[in-house]
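Please read the following alongside the sequence and the coordinates, taking each contact in turn and checking it by eye.

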Amino acid sequence: MKSVILYLIFGVLTTLVNIFAYWLAAHVLGLGVTASVIIAWILAVLFAYFTNRKWVFISNANNSREILRELGAFFACRIFTGVLDVLLMYIFVTLLNFNDLLIKALSNIAIIILNYLGSKFLIFK
């Protein structure tokens, strides 16, 4: 239960990192939307990786090879769930005309659960 609570706390902080990094890139540095989204996503995933590694799942990886494997798996999981989010939105909103906010909320719940399970059982096992 402790890891779930910490995961949710660091999830909120990761969201704040994402929003702040986007704002900084787009509004302070004057980068385009796409570049700003990509930069914000990378920084947020890195923040999530290090906080999950240290405080949520307490990784035992201690050499560069193990850490790089973890980091690669973490990014792969986040890319997979990001693509899944886009796919779910496309199918249920664009093709089937469901309410976008409802589907986005349900999609985010599924993605949070998948990211947690992937981190707990595959990445930081």
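A contact here means heavy atoms within 4.5 Å. The model is a predicted one, in which local features need pLDDT of at least 70 and side-chain atom pairs count only at pLDDT 80 or more, while totals for chains, interfaces and linings use all residues. Residues are numbered from 1 along each chain as its sequence is written, and side-chain values use heavy atoms, with hydrogens and water left out.

When neighbours within four places in sequence are set aside, S119 is in contact with F57, F74, R78, F124 and K125. S119 counts as buried because its relative accessibility is 0%, where buried means under 20% relative accessible area, exposed over 50%, and partly exposed in between, computed with a 1.4 Å probe and protein chains only. Helix 4 spans residues 100–123 and also holds N115, which counts as buried because its relative accessibility is 7%. Apart from residues up to four places away in sequence, N115 touches Y7, C77, R78 and T81.

How many aromatic pairs does a search of the whole structure find? Such a search finds twelve aromatic pairs. One of them is the edge-to-face pair of W41 and F75, with 5.6 Å centre to centre and 75° between the planes. This pair links distant parts of the chain, since W41 is in helix 2 and F75 in helix 3, 34 residues apart. W41 is partly exposed because its relative accessible area is 30%, whereas F75 counts as buried because its relative accessibility is 17%. F57 and F124 form a stacked aromatic pair, 5.5 Å centre to centre with 10° between the planes. Here too the pair links distant parts of the chain, with F57 in the loop between helix 2 and helix 3 and F124 in the segment after helix 4, 67 residues apart. Both F57 and F124 are buried, and these two residues belong to one aromatic cluster together with Y7, Y49, F50, F74, Y116. A further ring is that of F121, over which the charged end of K120 sits, 5.9 Å from the ring centre; a charge sits over a ring if NZ of Lys or CZ of Arg is within 6 Å of the ring centre and within 35 degrees of the ring normal.

The charged side chains come next. Side chains of opposite charge can pair when their charged atoms come close. A salt bridge is defined as a side-chain nitrogen of Lys or Arg within 4 Å of a carboxyl oxygen of Asp or Glu, and the structure holds two of these salt bridges. In one, the side chains of E70 and R53 meet at 3.1 Å, N to O. E70 lies in helix 3 (residues 64–95) and R53 in helix 2 (residues 33–56), so this pair ties together parts that are 17 residues apart in sequence. Both E70 and R53 are buried. The side chains of K104 and D85 also meet in a salt bridge, at 2.5 Å, N to O. This pair links distant parts of the chain, K104 in helix 4 and D85 in helix 3, 19 residues apart. K104 counts as partly exposed because its relative accessibility is 30%, while D85 is buried because its relative accessible area is 14%.

Most residues other than glycine have a negative phi. I58, however, has a positive phi near 45° and is not a glycine; I58 lies in the loop between helix 2 and helix 3 and is exposed because its relative accessible area is 55%. N97 likewise has a positive phi, of about 60°, although it is not a glycine. N97 is found in the loop between helix 3 and helix 4, and it counts as exposed because its relative accessibility is 66%.

Note on methods
Helix = DSSP H or I, 4+ residues; strand = E, 2+ residues; numbered from the N terminus. Phe/Tyr/Trp six-rings, centres within 6.5 Å; stacked < 30°, edge-to-face > 60°.
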